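These are my notebook entries on a structure that I looked up residue by residue.

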Amino acid sequence: MKAFAAFLDALLLTPSRNQKLAYIIRYLQETPDPDRGYALALLVGDLSFRNVKAKLLKDVVLEKVDPVLFEMSYDYVGDLAETIGLIWPEHDSKALPTLSGLIEELQTLPAAKLPAAIAAHLSSASPTERWAIVKLATGNLRIGVSARLAKTALAEFGGKTLEEIERVWHGIEAPYLDMFKWLEGNAPAPEIHRHRVFHPLMLAHPVDEEKDFADMNPADWQAEWKWDGIRVQLGLGTEKTMFSRTGDNIAHSFPDLIKTLNGSAVLDGELLAGNNFEPMTFNALQQRLNRKTTSAKIQSDYPAFVRLYDMLFDGDEDIRHMPLTERRARLEAWLLKNPNHRLDISPILQYSSWEELGAERIRGAAEQGHEGLMLKRKDSIYQQGRPKGLWYKWKRDPRLIDAILMYAQRGHGKRSSFYSDYTFGVWKENEIVPVGKAYFGFTDEELAQIDKWVRNNTIERFGPVREVRKELVFEVAFDSAHKSPRHRSGIALRFPRINRIRWDKPVQEADTLANVARLVEA
């Protein structure tokens with residue numbers, strides 16, 4: 001555990017990408033199994049501990065530390081792990097467990113025994129080791145290492161390409177013992193069953209209408225609607241899987257859909273809620289997401305289906321090297337041979353110019369609530385990641401409201417010294433009710449300006465949160481609005497962000513709840 005804490009600390013304090021790579025490779029070379037595998041899993045976000053929440057860790061600390069002192073310290077530091085590392089008052093000479101030993105404890109100990117075990121380890125640790133323990137337990141490392149960088153280091157460690165690592169990655173589990181045997185030349189590559197594992201998705205860039213369209217011939221591009229659901233990958237074979245874009249198998253949340261599927265393939269598409277292939281709003285789909293079990297009523301009220309738009313494997317044949325037009329033909333032929341009443345295919349739009357397609361984009365957003373369009377080169381092969389110049393998303397223009405800043409909260413990491421998370425509201429008769437929260441959309445210079453305004457206009461403090469005078473208006477952009485019983489206003493905004501700071505606008509001219517309600521999608 002001491003070596004892992006020093007490793008995390010070195011990564012955090014090193015801005016150089018190449019130096020981070022060197023640290024990770026050295027750690028993998030010097031650390032025995034299974035510790036190195038667990039460390040790698042933590043770097044890429046493959047480990048979580050369902051019984052360890054931030055509240056549990058705070059409660060452990062508050063057994064030893066005055067609550068007011070803790071809140072003041074947390075407000076100043078802005079990072080839970082660093083605050084606990086510095087403020088923990090006890091220290092003994094007991095030995096810390098190994099990294100794998102600590103992980104086994106966090107995974108297997110009953111919830112009632114976790115607080116005492118965590119407290120004991122915090123007392124045996126140095127401030128840096130306490131920081132690492134909390135980072136590990138919460139899964140919130142934030143040390144400037146992406147999953148891709150960690151896998152790149154793994155590839156260099158084993159003398160493989162990143163593509164070879166990605167090919168086996170989603171078929172293995174921490175601590176990756178078989179993978180390390182392969183990388184060190186002591187075993188063949190782990191066996192991968194193509195329908196049981198997640199294959200990295202191909203992603204799109206936002207289109208720049210002025211720059212990109214000048215070099216794009218409309219005849220070379222396939223256009224489809226951008227559906228308002230979530231991206232999924234279906235694996236159909238002896239087992240049936242449905243992965244989200246983050247590689248999580250969410251099939252258990254959609255038993256009504258999964259049990260109807262047949263055939264053998266790996267398919268790419270959009271998960272939607274609706275009857276007879278008529279999509280409901282994203283808000284309807286949210287009633288199905290993140291559920292361990294799904295009642296018969298939920299399944300009936302919000303039936304799920306998948307709108308397909310690509311194929312990665314036709315049976316056991318990998319067809320990702322084929323151009324899009326050929327993959328599309330294979331997908332259409334496959335669905336004819338394997339009819340599924342919960343699967344259909346995203347239609348291709350017909351157009352002759354970007355102006356004509358642009359008009360269709362506006363009409364589709366206004367009349368049918370489409371998110372926008374997807375543009376894909378007809379000759380594009382299916383590649384992982386976000387290759388340039390092959391796929392674009394042409395989203396509809398965002399919706400805008402003028403809202404009033406109500407509360408500001410300190411950020412985390414690099415923003416821990418700034419009030420950068422903003423709750424905003426609109427008028428409901430003579431009161432202001434919150435309709436959303438945003439923490440991006442502004443420049444560093446604007447952040448400094450808002451932070452100064454918040455500090456000068458605070459009227460109340462609640463730990464790291466400040467209530468401010470209701471005098472500053474934000475122009476807020478968002479993708480859509482939905483009814484939400486969880487919000488006091490009854491409305492939730494999807495993907496809100498600060499579009500402009502309206503220093504010039506009187507607060508009395510901000511939007512009303514009635515205006516926002518008109519934007520709600522049924």
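Entry 1: I looked up Met 179 and found it in contact (heavy atoms within 4.5 Å) with Leu 40, Leu 154, Trp 169, Ile 172 and Pro 190, leaving aside its neighbours within four places in sequence. The model is predicted, so I noted that local features need pLDDT of at least 70, that side-chain atom pairs count only at pLDDT 80 or more, and that totals for chains, interfaces and linings use all residues. Residues are numbered from 1 along each chain as its sequence is written, and side-chain values use heavy atoms, with hydrogens and water left out.

Buried means under 20% relative accessible area, exposed over 50%, and partly exposed in between, with a 1.4 Å probe and protein chains only. This core has 67 residues, of which Phe 4, Leu 99, Leu 136, Leu 154 and Met 179 touch the most other members. Helix H3 gives the most to this core, with 7 residues. Another core, of 30 residues, lies apart from it and includes Ile 230, Val 232, Leu 271 and Leu 308.

**Entry 2: H3 against H10.** Helices (H or I, at least four residues) and strands (E, at least two) are DSSP runs, numbered from the N terminus. Helix H3 (residues 35–44) and helix H10 (residues 147–158) pack at about 145 degrees, and their axes are 8 Å apart. The axes are lines fitted to C-alpha atoms over the stretch in contact, and angles run from 0 to 180 degrees between N-to-C directions. On the H3 side I listed Arg 36, Leu 40, Leu 43 and Val 44, which meet Ala 147, Ala 150, Lys 151, Leu 154 and Phe 157 in H10. The residues of this contact divide into 7 nonpolar, no polar and 2 charged. Here Ala, Val, Leu, Ile, Met, Phe, Trp, Tyr, Cys and Pro count as nonpolar, Asp, Glu, Lys and Arg as charged, and the others, Gly among them, as polar.

**Entry 3: aromatic pairs.** I found 14 aromatic pairs. Rings of Phe, Tyr and Trp (its six-membered ring) pair if their centres lie within 6.5 Å; planes under 30 degrees apart count as stacked, over 60 as edge-to-face and the rest as tilted. Phe 7 and Tyr 27 are stacked, because their ring centres are 4.1 Å apart and their planes lie at 15 degrees. Phe 7 is in helix H1 (residues 2–13) and Tyr 27 in helix H2 (residues 17–30), so the pair ties together parts 20 residues apart in sequence. Phe 7 is buried at 7% relative accessibility, and Tyr 27 is buried at 8%.

Phe 277 and Phe 305 form an edge-to-face pair, 5.3 Å centre to centre with 85 degrees between the planes. Phe 277 is partly exposed at 26%, whereas Phe 305 is buried at 1%.

**Entry 4: Asp 92.** Asp 92 lies in the loop between helix H6 (80–87) and helix H7 (99–108). Its side chain makes a polar contact of 2.9 Å with the side chain of Ser 124. A polar contact is a pair of N or O atoms within 3.5 Å; within protein, one must be able to donate a hydrogen and the other to accept it, and residues adjacent in sequence count only if both atoms are side-chain atoms.

Key
Core = buried A, V, L, I, M, F, W, Y, C linked by side-chain atoms within 4.5 Å.
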